[in-house]
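Subject: Structure for your review

Dear colleague,

Please find below the structure that I am handing over to you.

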Amino acid sequence: MKPFSHGNATSIEEALEALSGMSWPLAGGTDLLALMKEEVAAPERLVNLKTILGLDAIAERQSGNENEWHIGALTTLSALSQTPAFADHLGLRCLVQAAQESASPQLRHMATLGGNLVQRPRCWYFRNRHVPCWRKGGRRCFAFKGENKYHTILGGGPCYAVHPSDPAVALLALNASLLIAGAQGRRVVSLEDFYVMPRPDRQREDGYHPVTILEPNEILTAIVVPEPQANSRSVYVKRTERGAWDFALVSAAASLRLEDDVVKEARIALGGVAAIPWRANAVEEVLIGQPLSPELIEHAAGAAVAEAKPLEHNAYKVDLIKGALRQALQI
Amino acid sequence: MPTIRKTQVEFEGRIEEREVIVEEEHIESWGHDVEMRWVGKPTPRVDGIARVTGKAVYTHDIQLPGMLIGRFLRSPFPHARITRIDSSAAEALPGVSLVWHKGKQPAVRSLDGRAIFVDEVNYEGAEVAFVAARDERVAEDALALIEVDYEPLPFASDFHTATAADAPSVVLGEDNWIDREGDLYERGSVEAGLTDADVVVELEFTTPVAAHCCLETHGSAVAWEGDLVTVWHSTQSIFGTRSSVAEALEIPMDRVRVISDYIGGGFGSKWGAEAFTLMAALAARETGRPVKVVLNREEEHLVAGYRPGTYQRVRLGAKQDGTLTLIEQEADVTTGAFGGGGHVVGGPAKDLYLCPNVRTRVRAARANTDGARAFRAPGYVEGTVALEGAMDALAHKLRMDPLALRLANYAEKSPSRGQSYSYKGLRRAYEMGAERFGWSDRTASAQSDEGPWRRGVGMASQIWGGGGGPPANAIVKLLPDGTAEVAVGVQDIGTGTKTVLTQVAAEELGLPLSAVRCVVGDTLPAPFGPGSGGSVTLASSTPAVRSACREALRQLIELAAIMLGLEEAPAGDFTVEEGEIVYGPDPEKRIPFNQVTAKMGNYMIVAKGARGPNPEDRAVNTFGAHYVQVAVNVETGQVRVERLVAAHDIGRVVNPLTAESQVFGGVVMALGYGTTEERVIDPDTGLQLTPNLEEYKVPVMVDIPEIEVVFVDVPDVEANSVGSKGLGEPPIIPAAAAIANAVFDAVGVRVTDLPITPKRLLAALRQAATESKEGTR
């Protein structure tokens, strides 16, 4: 690991002043410290955000006529998964399910929701310091023609690593937005717009091609989830190779509002299939306005993978995501 | 008077003829009906509290004043030539004590005949340079300052690429084949086996490369005091380590002390001194300060060995009634650049069943990876996956109960050696396991499908050595207060060795467990003990302890006789009961053990004992059978092992608690081997993609089923004086095969490419669906 300096921030403003291309924010550190130890990332300075008070609160707030939930970015995954207001809420429980199914208990105690959303890919080429892959500023994706059983089936390249977060998939289905603080002020961005497909024109100082629009001198401060309408329900379904402590092979989050068994609203998000948490618009179109029958579910599952282009070793994900989506829609 | 005799010892599937010095009279084995006070009773580990409270000192924990930390710079290429290396910046870094590499060689350049720093590196992780520094951070910084130019060379990562016509050389100037003709075993003939067969099945299997994943990674700490060197080493063989350190450093053996008090995992890959041990010893000698080198997790995956992958083909022939006419097994094994690892893949095929026509051939080729190493039942795990998978397919084809097929081919004598077994309880293990599992009701569980989940059951059997043998020694000291110290030159690699040795000593001496202290894992106080491999530790060392205790008692009884005024009485008239020495003809004449020792003042009874020879003309083996229930999700491809019954015949069970733990550990490792664990090497770069515990997936708690353990527990009185055999390896052997067979039972598709991941299972189901569609067309 390259030597680095470390400082505690006591306010968002103080943190923002300290941030720059090679001065990075540190929250739970479960991803960043591992990247540094693996010599895949080498920031010169870390600005500790955990010393800023109040960034780990969960609160319900009024916004116009709507209620919404503010989840501080430093909320740990274990705190999130133990929030009764979400766990007992049919419309929001997919977020708790996603948090619970992430990582291991030890990691969930440290990992923050904000950090989870901005984590870097887990791709085994990206994480190997000897492999100069495109995501790190190299010329090509080694997975594309290599060992790609964990890689994308939707959306294409030039990087074929999937986005690893579980909560991001649930939050996409819940239509969450993010509060971002920057030197120029604050902005609100929908989660859907927060993630960007791999693009050659966006590159960090260290060569890294980011997965989000977050600038180096910005901080994600809160996640805002609108209170679902009555009769909403949500589910997160995750498929893994082992029973716990495993990133998703694929996952599906469904947020539905039904009236007399007819789908009035639907937001469907898929994980483990694309470089970003994947909004399945085609599935939503199939569902909305229709009675939720087994035939409709089958039709919807088919729509999810209509555009799928599996690589050499990951065709099984096509069956897997259909099954996960089917299960998410059945519950 | 000592005499020299020949005896047969089986080690990991190979039979060795050894000469053994027999020092004393033969000790009758404890019989079936001997009343035991400690042996056979569930006994918590004598060091259990130290282990779970963190007080146990492992090699990683060694901290000595002024100790330096050593680290290696390792090759980032699977094959390359080092054209330039410049360490001047590293040497100038404050806190760096020394740097060694091919241009600045250490005083000793090679270990066990292989040079360490050379021009050509043949695998990712090969040693390029060594640094000893004030602490780990400085050492890491120094490594980053070493400039190396590599000329990458073509490489081969796998058997098929290494043996292709235009394959690049794995090691320049060496043939990629290690064994092209193959290790061949043949009895009868394949042709006869085919002619006699009513039914033939032929299957191909692929088994993965599996990492040992020792929780305590490999490491050594070395300190010199004058010309004496102490080596703390996380090893399965303290005496093996001592020999190679003494030989490499060209110093007398008596100057070397090896300590391995606690070991965090020894599964075959910690078999002696390694490059890091030698570097630590040399650096410590040169700097005059202790030096510790431990591998990090990535290095553990890159350079600490693995179970080699295999490609196998099995052909079985049988009569309509299930009688085997042919077993043919061919295996191609991918070892590392410099070979290594056991390749006795054909072992089970030779000996598990009675069959007149058997042919096994095992070929091995190099690849540009670190060397394969022995891994818990090397070869037998791989071989059993294929053999027992094929037996299951044969049973299916014959519409026979898989258990009945195995019983129809039960071997009463060793098929390959022609010798009778000292004891074989496999038939009883089959019965006990089947009864506990409810094998005869198995169709009921198979019908309990729920939604996408399909249930299935399967079984597989196992043969292994584990009889141990000489040489193994023990020393017992009886102290003035009536307590005893037992020193044995073995090591407790986490199996409970220290506990079972204590039990056996307490039993023989008639002392409470708390009055016996057993020292292992240190070459200084202890006489020779074998390395902990091949499941030999218990069967080799407990008889030596019995023998030493017997000799100590003989001396004690002589003294007691004097104190009781019975100098003339024959020694056979005395017995030891409840801590007292009792004169048989007149039981009123008795004296407590500690009164005798108290009267000795500071005189200590010191007795030594040795392991006697193995029985003549007998095969000594261990056996077992596993029964498994799985649920397979046809939508997600998940395999959930719901229940596993492990029935084992290991002779006498000395400690049911630690024995059960051994089975749990073996089964969990086999579960990973069968369903989740797999080393992946990128074909394009030759780099390992799984050198960590995130991508190399060992099972987690929720994956682990209910494991029920039953033991035949009949003493093997012919095998040795304790009647016990080893259990380290048997439980890992049949479980993966049994799981794969249960998956077939659940979904009707045989996955022969391990591990059975969702990817492989879904692909197999999809292929089967396509084939059946085509079939109906």
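In chain B, strand S4 (residues 80-86) and strand S10 run antiparallel and are joined by 6 bridges. Within this pairing, Arg84(B) has Asp149(B) of S10(B) opposite it. Please note that this is a predicted model.

The two strands belong to an open sheet of 3 strands in chain B, ordered S8-S4-S10 and paired in antiparallel fashion. Strand S8 (120-121) and strand S10 (147-152) of chain B each have a single partner strand and stand at the edges, so one side of each lacks a neighbour in the sheet.

Gly510(B), which comes just after H14(B), takes a positive phi of about 70°.

Finally, there is the contact between the chains. Chain B contributes 25 residues to the contact and chain A contributes 21 residues. On the side of chain B that touches chain A, helix H19 (residues 758-776) of chain B gives the most, with 4 residues. Sorted by class, that side of chain B holds 11 nonpolar, 8 charged and 6 polar residues.

With kind regards

Conventions
Residues numbered from 1 in each chain as written. Chains lettered and ligands numbered in written order. Predicted model: local features only at pLDDT ≥ 70, side-chain atom pairs only at ≥ 80, totals over all residues. Pairing = 2+ DSSP bridges. Contact = placed C-beta atoms within 7 Å. Nonpolar A, V, L, I, M, F, W, Y, C, P; charged D, E, K, R; others polar.
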